[in-house]
Amino acid sequence: MDGPFDDEAEPPVFTIKEYLDEVEERELAADLVLGGDDGKECTYSKGYMKRQAIFSCLTCTPDGNAGVCTACSLSCHDGHEIVELWTKRNFRCDCGNSKFGELYCKLFAGKDAENTENSYNHNFKGLYCTCGRPYPDPDAEEQVEMIQCCLCEDWFHEEHLGLESSDEIPRDDEGEPLYEDFICKACSEVCFFLKLYPEVIWASGKQPNATVEVSKDKGVLEDMPPLGDASSSHNSPKTDAKATISEAISGGKDVLQGGNCDSSTNMHVNCLLGVNIVAASPVLNIKPMFLSKNWRDTLCKCNNCLEFYNQKRIAFLLDKEDSIAEYERMAKQKREEKLQEAEGAEVNFFNKLGHVEKVEILKGIEEMKDGLRTFLESADSSKPITEADVHQFFDDIKKKRRRLQ
C-alpha cells in the first residue's frame, strides 16, 4: 500500500515545452506589470509619468506615504519589506527625498524634498479594499483575485464590490473578464454621467440602476432614462453614441425640460449628451460599473464636459495612454522590440567572429544535439527524466570537451 506522503516525495514532471512556456509566461507577466522597464535607471528625471510600476518600502516609510520606481526598489531597497503596488498614474519616484530621512537614492541623488502631485492611499501601507486587509491575507483560507478601480486605483474583493452576487461581474464561460475597466461604487458616484451613454459602453450590456437629477431652471435633462436600446446593434461606439443621443434629444418635450440644446442652456452646441452635467447631481446609491473595450473613445469632449472632468479630477479618462489596456499593449511592443534587438545582437556578434571561432561554435552546437539525442534514446521511457539526470548530462558534456582539448 502506498504511504500517505508518497506523492509529495515525487518531484513534479514537466515536458521541455511546458517548462519553456512557463518561463515565457512569467517573463511576459513581469513585463506587463513593469511596462517594459528594465529596472536599471530611476524614473525621477521623467517627471510625473502617466503610468508606471510603483513600490512602497515599509522598512523606510512605514506610514505608507511614499513610493519608489522599479530600479530604486531593486538598487536602494534590496532586502527591505517591499509592497508591490502594480501601477500608479501621474506618479514621480520618491526614493531618497525628505520622507526617507537619511537614506539617499543611489541612482538619482538630486531630488526635490517632496513630489507634491503624487497621491497616496492605504495601498502604500499594504492594505486594500473597503475591508482594509493586506494581500496576500495571512488570515484568509484562500487568496482570491482582486479587481482594481480605474479611478481611485484601489483593489477590491469581489464580495466587497457592493453587488448582490458575483454573477453580476461580466465574465465569459471560462471565467475571464469581459470588461476593460472597472469603477468602484464610491467612484461611480462621480461618474454618474456615464449612465447617459448608450448601453454599448457597458460590458454587461446593461447600465447600473441610478437616476440623474438636474435643476429645472438649467434647461437640461431631468430623470432621464438610459439612452440606447439593449436590443440594438452598435458597430461603432462613438458614432452610434452620437446618433442615439441625437435621436433622444430630437424628441423635444419628452427629453428636454426648458428648450433645446442652445446657448440659453449655457452648453456647447457640440455636446454629445446635450446635458449640462456640471449642473447635474446623481442619486448617491449607485452600483459599481464595468466598462467595455474602448469605452473611453465614446466620452464627450465639449467645453462643458471638459469643465466637469477637470472639476472632478478625472480628465485622465480622455488620455488613451492612461488605461491599463494601453499600458500593457505598449509593454508588449517594448518586449518584442527588445527580443528582436537581442536576436539581432546575437547575429551581429556571430558575424564579427573569425572563421575558427564560428567553426568552434557550430561544432559545439552539433555536439550538444548529438549528446542530447543519445541521452534521450538511452533514457528509460517508463520513467521521468529527473533534475539529477539533467545535471549528469551536462557533466558528461563538460568531461567530453576536456578530453578533446
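With a relative accessibility of 4%, F192 counts as buried, and this value, like the others in this report, comes from a predicted model. The ring of F192 pairs with that of F308 in an edge-to-face arrangement, with 5.8 Å from centre to centre and 90 degrees between the planes. F308 is likewise a buried residue, at a relative accessible area of 2%. Because F192 belongs to the loop between α4 (185-188) and β8 (212-214) while F308 belongs to helix α6, the pair ties together parts that are 116 residues apart in sequence.

**Aromatic pairs**

In total, the structure holds 14 aromatic pairs. Another of them is formed by F182 and F290, whose rings are tilted at 40 degrees between the planes, with 5.2 Å from centre to centre. Since F182 lies in strand β7 and F290 in strand β10, this contact ties together parts that are 108 residues apart in sequence. F182 is buried, with a relative accessible area of 2%, and F290 is buried as well, with a relative accessible area of 7%. Ring pairs also link F182 and F290 with F156 and Y179, and the four residues form a cluster.

The geometry of the two pairs is set out below.

| Pair | Arrangement | Centre to centre | Angle between planes |
|---|---|---|---|
| F182 and F290 | tilted | 5.2 Å | 40 degrees |
| F192 and F308 | edge-to-face | 5.8 Å | 90 degrees |

Aromatic rings also take part in contacts with charged groups. The charged end of R89 sits over the ring of F316, at 3.7 Å from the ring centre, and the charged end of R92 sits over the ring of Y44, at 3.9 Å from the centre of that ring.

**Nonpolar cores**

Which residues have the most contacts inside the largest nonpolar core? They are L151, I183, F193, L194 and Y197, within a core of 53 residues. At least two residues of this core come from each of β2 (82-91), β6 (155-156), β7 (181-183), β10 (289-291) and α6 (303-311).

**Helix α7**

Helix α7 covers residues 324-352, a run of 29 residues, and reaches 42 Å from its first C-alpha to its last, which is close to the 42 Å expected at 1.5 Å a residue. A325, which has its place in helix α7, is partly exposed, with a relative accessible area of 35%. The C-alpha atoms of A325 and K293 are 9.0 Å apart in space, although the two residues are 32 residues apart in sequence.

**The largest pocket**

The largest pocket has a volume of about 1,500 Å³. Its lining consists of 44 residues, of which W86, E145, M146, W155 and E328 lie nearest the centre of the pocket. Two or more lining residues are given by each of α2 (16-34), β1 (49-57), α3 (70-75), β2, β5 (147-148), β7 and α7. Which element gives the most to this lining? That element is α2, with seven residues.

A cis peptide bond, with omega of about 0 degrees, joins Y135 and P136, and P136 lies in the loop between β4 (133-134) and β5. N90 is not a glycine, yet N90 has a positive phi of about 45 degrees. This residue has its place in strand β2 and is partly exposed, with a relative accessible area of 32%. N294, which is not a glycine either, has a positive phi of about 65 degrees. The place of N294 is in the loop between β10 and α6, where N294 is partly exposed, with a relative accessible area of 38%.

Note on methods: Residues are numbered from 1 along each chain as its sequence is written. This is a predicted model: local features need pLDDT of at least 70, side-chain atom pairs count only at pLDDT 80 or more; totals for chains, interfaces and linings use all residues. Side-chain values use heavy atoms; hydrogens and water are left out. A nonpolar core is a set of buried Ala, Val, Leu, Ile, Met, Phe, Trp, Tyr and Cys residues joined through side-chain atoms within 4.5 Å. Buried means under 20% relative accessible area, exposed over 50%, partly exposed in between (1.4 Å probe, protein chains only). Helices (H or I, at least four residues) and strands (E, at least two) are DSSP runs, numbered from the N terminus. The expected span of a helix is 1.5 Å times one less than its number of residues. Rings of Phe, Tyr and Trp (its six-membered ring) pair if their centres lie within 6.5 Å; planes under 30 degrees apart count as stacked, over 60 as edge-to-face and the rest as tilted. A charge sits over a ring if NZ of Lys or CZ of Arg is within 6 Å of the ring centre and within 35 degrees of the ring normal. On a 1 Å grid over the protein atoms alone, a cavity is a set of points where a 1.4 Å probe fits but cannot get out, and a pocket is an open set with protein on both sides within 12 Å along at least five of seven lines; lining residues have an atom within 4 Å of a point. Grid points are joined across faces, edges and corners, and a volume is the space filled by probe spheres set on the points.
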